Amino acid sequence: FEAAAEAGVLSAMCSYNRLTVNGVTAWACEHPYSLKTLENISKDIFVMSDWGATHSSKPSIEAGLDQEMPGSTYFGDAMK
């Protein structure tokens, strides 16, 4: 992610995996460290989830996820 963001990519996709980074374990699409690293490198990067890889609403949005794929299980009616 870091190398891609530094190279100027405009979008990234987080995966299904659970990551442990800096002692924190969370789903990739809501991990507070991995997505914030992208945001710190490039404020313009757009992050979408892999198909079905979103597992929450608020934690994912706070971590920097911009779009849930597919549909709107967590980013649709759950946000109302």
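A salt bridge is taken here as a side-chain nitrogen of Lys or Arg within 4 Å of a carboxyl oxygen of Asp or Glu. The model is predicted, so local features need pLDDT of at least 70 and side-chain atom pairs count only at pLDDT 80 or more, while totals for chains, interfaces and linings use all residues. Residues are numbered from 1 along each chain as its sequence is written, and side-chain values use heavy atoms, with hydrogens and water left out.

By the salt-bridge rule the count is 2. One of these joins the side chains of glutamate 39 and lysine 36, at 3.6 Å from N to O. Both residues belong to helix 2 (residues 34–41), and because they are 3 residues apart there, about one helical turn separates them. Helices (H or I, at least four residues) and strands (E, at least two) are DSSP runs, numbered from the N terminus. Glutamate 39 is partly exposed at 30% relative accessibility, and lysine 36 is partly exposed at 28%; buried means under 20% relative accessible area, exposed over 50%, and partly exposed in between (1.4 Å probe, protein chains only).

A salt bridge also links lysine 58 and glutamate 62, whose closest N and O atoms are 3.7 Å apart. These two residues lie 4 apart in helix 3, which means that about one helical turn separates lysine 58 from glutamate 62. Lysine 58 counts as exposed because its relative accessible area is 57%, whereas glutamate 62, at 48%, is partly exposed.

Helix 3 (residues 58–63) also holds serine 60. With 0% relative accessibility, serine 60 is buried. Setting aside residues up to four places away in sequence, serine 60 touches Cys29, Glu30, Thr54, Leu65 and Phe75, where contact means heavy atoms within 4.5 Å.

Methionine 13 is part of strand 1 (residues 11–14) and is partly exposed, at 42% relative accessibility.

The loop between strand 3 (24–27) and helix 2 contains histidine 31. Histidine 31 is buried, its relative accessible area being 0%. Beyond its neighbours within four places in sequence, histidine 31 is in contact with Leu19, Val21, Val24, Thr25, Ala26 and Ala63. A polar atom of the histidine 31 side chain lies 3.1 Å from the backbone nitrogen of tyrosine 33.

Note on methods. Polar contact = N/O pair within 3.5 Å; in protein donor to acceptor, adjacent residues only side chain to side chain.
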